[in-house]
Amino acid sequence: MKNILFILAVCLMFSAVHAAPNEEAARQERRQQLVHAYLTRAVSAADLNKENEFGDTPVFTAAQNGDVNAILKFGQRAATGSFLLRTGKNGNNVFHVARNAQTFQALARVLRKFYPNDYKIKIHQMMNQRNQLGETPVQAQINYGRADTFRIAFPYTDLYEKMMAVKSKMDKGGLVAEVAKTEAAQVVEMSKDSSGRTIAQAARDNAAAPGMDRIVAFFAENASYL
């Protein structure tokens with residue numbers, strides 16, 4: 001009898017330990033459902049430029065919450081792509097606040113829909129836009145610890161192009177490599193946010209985030225001077 005009571009007590013303790021995480025997960029899921037319902041209610045083209053009490057338009061809220069379906073629906077309802085090009089609070093554009101790689105891809109897909117001929121120009125401009133903290137979207141994503149989004153976004157930046165050009169010259173050695181050292185100093189300055197921290201330093205500071213070890217290794221291999 002004592003053994004049975006002991007087993008029952010252990011089971012109750014186990015259930016109590018796991019109840020809280022399960023309840024929190026359920027609350028988070030419910031919150032996501034409510035936000036999605038709010039975002040995807042009868043939003044007209046005009047509504048897409050209206051700010052809520054936090055200063056966010058619907059697409060910014062959807063990007064922050066990783067609501068891919070809402071973003072794609074906005075793309076269907078909008079008359080133009082201007083709602084994607086807005087600068088929000090703190091100087092962020094929608095790519096600064098994209099929750100994950102899937103969100104980034106959804107935003108890029110809608111951007112391409114509205115600007116099929118100028119897509120490369122538009123996304124390049126947005127990837128190099130700095131917020132009030134001096135961060136480009138890729139720097140913001142690194143600071144959030146989002147390695148998956150960084151990997152998709154980085155090739156669209158001026159920093160990536162300049163960094164890889166310097167690496168190519170350094171790999172050749174000799175006088176070309178010596179000249180590239182001056183250009184490497186330019187890359188260092190390009191990679192800094194307003195605090196003076198380089199993007200590689202930010203990656204190392206967030207090394208514990210999932211997948212960030214690969215980003216740290218990437219910078220070590222291609223721009224060890226950062």
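Over which residues does pLDDT stay under 50? That's residues 1-19, and the model has zero contacts beyond four places in sequence for them. Here pLDDT is the predictor's confidence in each residue, from 0 to 100, and contact means heavy atoms within 4.5 Å. The chain as a whole averages a pLDDT of 85, with 80% of the residues scoring at least 70.

**Ground rules**
- This is a predicted model, where local features need pLDDT of at least 70 and side-chain atom pairs count only at pLDDT 80 or more, while totals for chains, interfaces and linings use all residues.
- Residues are numbered from 1 along each chain as its sequence is written, and side-chain values use heavy atoms, leaving out hydrogens and water.

- H2 covers residues 58-65, and seven of its eight residues are buried (under 20% relative accessible area, with a 1.4 Å probe and protein chains only).
- Among those buried residues are Pro58, Phe60 and Asn65.
- Helices here are DSSP runs of H or I with at least four residues, numbered from the N terminus.
- Just after H2, glycine 66 has a positive phi of about 70°.

**Aspartate 56**
- You'll find aspartate 56 in the loop between helix H1 (2-39) and H2.
- Its relative accessible area is 6%, so aspartate 56 counts as buried.
- Its side chain makes a polar contact of 3.4 Å with that of lysine 89 (a pair of N or O atoms within 3.5 Å, one able to donate a hydrogen and the other to accept it).

**Alanine 153**
- Alanine 153 sits in helix H7 (residues 147-153) and is buried, at 2% relative accessible area.
- Beyond its neighbours within four places in sequence, alanine 153 touches Phe104, Met127 and Val138.

Notes. Helices (H or I, at least four residues) and strands (E, at least two) are DSSP runs, numbered from the N terminus. Buried means under 20% relative accessible area, exposed over 50%, partly exposed in between (1.4 Å probe, protein chains only).
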